[in-house]
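Colleague: I would like to learn how to read a model like this one. Could you take me through its features?

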Amino acid sequence: MLRTPRPQLQPKLKPRLEDKRLERLYDYTKFHIGIYLSAAAGLTGLLGSIANQKAGQFLFDLVGAPPLLGLALVLMVLAGACGGVVATSVTESRKFDDFWKKPQGPSWWRQGPVGAKWVAAEHSFFWMSLVSIITAVLWRKQTLEWFLPL
């Protein structure tokens, strides 16, 4: 008696866990861009008030180094620009590693930095901006003495 061969059963494949890193990075970056826009708007208003001397004596006494606020604004704008590159590049990537390890950036910049560098630049500019803001406020001796009474 000939036995007919049984069809080979494919082993059941476990449903592949979807890589959520791209989605998380996109949501995280959108949140950061909102912070950058809000902070840049606040810095612009503050700098405008100080420049037009409409701020009152309180702001003049508070901000010891207005140029550092200008630097903070520039750094915040750069953080937002890097965040914009991250957000748009993430939407065009199929896998996280495609974004993280391959060149990203504006279309006119063919061989821009890899995604990991854009994320690092975004965070670096943001933190440098915060350090500039804190330094601008603590620049005055009176403010520093009030903040750190010895």
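**Rings, helices and packing**

Modeller: Gladly! Ring pairs link Tyr36, Phe126 and Trp127 into a cluster. This is a predicted model, where local features need pLDDT of at least 70 and side-chain atom pairs count only at pLDDT 80 or more, while totals for chains, interfaces and linings use all residues. Residues are numbered from 1 along each chain as its sequence is written, and side-chain values use heavy atoms, with hydrogens and water left out.

Colleague: How many aromatic pairs does the structure hold, and what describes one?

Modeller: A pair of aromatic rings is described by the distance of the centres and the angle of the planes. Rings of Phe, Tyr and Trp (its six-membered ring) pair if their centres lie within 6.5 Å; planes under 30 degrees apart are stacked, over 60 edge-to-face and the rest tilted. The structure holds six such pairs. One of them joins Trp109 and Trp118 edge-to-face, at 5.7 Å centre to centre and 80 degrees between the planes. Phe126 and Trp127 are also edge-to-face, with 5.2 Å between centres and 75 degrees between planes.

Colleague: Are Phe126 and Trp127 buried or exposed?

Modeller: Buried means under 20% relative accessible area, exposed over 50%, and partly exposed in between (1.4 Å probe, protein chains only). Phe126 is buried at 15%, whereas Trp127 is exposed at 52%.

Colleague: What span should helix H1 have?

Modeller: Helices (H or I, at least four residues) are DSSP runs, numbered from the N terminus. The expected span is 1.5 Å times one less than the number of residues. For the 31 residues of H1 (residues 21–51) that should be 45 Å, and the end C-alpha atoms are 44 Å apart, which agrees.

Colleague: Which residues are buried in H1?

Modeller: An α-helix has 3.6 residues a turn, so residues three or four places apart point the same way. In H1, the buried residues include Leu22, Leu25, Thr29, His32, Tyr36 and Ala40.

Colleague: How do H3 and H5 pack?

Modeller: Axes are lines fitted to C-alpha atoms, for helices over the stretch in contact, and angles run from 0 to 180 degrees between N-to-C directions. H3 and helix H5 (residues 115–138) pack at about 160 degrees, with axes 8 Å apart. That makes H3 roughly antiparallel to H5 (over 145 degrees).

Colleague: Which residues does Leu75 contact?

Modeller: Leu75 sits in helix H3 (residues 66–91) and is buried, with a relative accessible area of 10%. Leaving aside neighbours within four places in sequence, Leu75 is in contact (heavy atoms within 4.5 Å) with Phe125, Met128, Ser129 and Ser132.

Key
Helices (H or I, at least four residues) and strands (E, at least two) are DSSP runs, numbered from the N terminus. Angles under 35 degrees count as roughly parallel, over 145 as roughly antiparallel, 65 to 115 as roughly perpendicular and the rest as oblique.
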